[in-house]
Amino acid sequence: MKMATRSYITNSFKSVKTPKGKDKKEPTNDGNPSTSKTGVEDELKILRHFDVTLEFGPCSGITRMERWERADKHGLNPPVIVKEILNKHLHDEEYTECLWKDYQL
């Protein structure tokens, strides 16, 4: 009597071994904003998220920095990264003005 051998799906694929440590790719940061973790798009995404977070109060009619400082003054613990981003771009309206700047009150 012949014993049945189990057939696993993995048996149908060729086994490929990679050198140790070579199978994971690490991200590189060459200083290029498009490849860095905190590139322009990432910074603006963080700021837009800050704009729509109601926890820090209304954002219409004031700058993002004014809103951040008001939230901090009232103990609402706004994200420190928002202040860091705003301090890097003090004179760039794309960063300083809130998401709703084009809409009249």
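**Entry 1: Salt bridges**

I began with a term: a salt bridge is a side-chain nitrogen of Lys or Arg within 4 Å of a carboxyl oxygen of Asp or Glu. I kept in mind that I was looking at a predicted model. With that rule in hand, I found two salt bridges in the structure. The idea behind them is simple: side chains of opposite charge can pair when their charged atoms come close.

One of the two joins the side chains of Glu 43 and Lys 88, at 2.7 Å from N to O. I noted that Glu 43 sits in helix α1 and Lys 88 in helix α3 (residues 80-88), so this pair ties together parts that are 45 residues apart in sequence. Are these two residues buried or exposed? I looked up both: Glu 43 is buried, with a relative accessible area of 4%, while Lys 88 is exposed, with 55%.

Next I turned to Arg 64, which forms a salt bridge with Asp 51; their closest N and O atoms are 2.6 Å apart. Arg 64 belongs to helix α2 and Asp 51 to helix α1, so the pair links parts that are 13 residues apart in sequence. Here I found that Arg 64 and Asp 51 are both buried.

**Entry 2: The chain as a whole**

I stepped back to see the helices in context. How many helices and strands does the chain have? I counted four helices and zero strands, and along the sequence the pattern reads α-α-α-α. The chain has 105 residues, and 21% of them count as buried. It exposes about 9,200 Å², of which carbon and sulfur atoms supply 54%. I also checked contacts between residues at least 6 apart in sequence: 43% of them join residues at least 24 apart.

**Entry 3: The core**

Which residues make up the largest nonpolar core? I listed eleven: Leu 44, Leu 47, Phe 50, Phe 56, Met 65, Trp 68, Ala 71, Val 82, Ile 85, Leu 86 and Tyr 95. Helices α1, α2 and α3 are the elements that give two or more residues to this core. I wrote a reminder beside the list: in soluble globular proteins, nonpolar side chains tend to be buried together.

Setting aside its neighbours within four places in sequence, Leu 47 is in contact with Arg 64, Val 82, Ile 85, Leu 86 and Tyr 95.

**Entry 4: Two loops**

I went to the loop between α1 (40-52) and α2 (64-73), where I found Thr 53. A polar atom of the Thr 53 side chain lies 2.6 Å from the backbone oxygen of His 49. Thr 53 counts as buried because its relative accessible area is 15%, and the cut-off for buried is under 20%.

Asn 77 lies in the loop between α2 and α3. Its phi is near 55°, a positive value in a residue other than glycine. Asn 77 is exposed, with a relative accessible area of 63%.

**Entry 5: A nonpolar patch outside**

Last, I looked at the surface. Val 52, Leu 99, Trp 100 and Tyr 103 form a nonpolar patch there, and together they have about 410 Å² of accessible area. I located Leu 99 in the segment after α4 (93-96). At 33% relative accessibility, Leu 99 counts as partly exposed.

Key. Residues numbered from 1 in each chain as written. Predicted model: local features only at pLDDT ≥ 70, side-chain atom pairs only at ≥ 80, totals over all residues. Heavy atoms only, no water. Patch = residues over 30% accessible without salt bridge, like charges linked within 9 Å, V, L, I, M, F, W, Y side chains within 5 Å. Areas by Shrake-Rupley, 256 points an atom, 1.4 Å probe, with all protein chains shown as cover. Buried < 20%, exposed > 50% of the residue type's maximum accessible area, 1.4 Å probe, protein only. Polar contact = N/O pair within 3.5 Å; in protein donor to acceptor, adjacent residues only side chain to side chain. Core = buried A, V, L, I, M, F, W, Y, C linked by side-chain atoms within 4.5 Å. Contact = heavy atoms within 4.5 Å.
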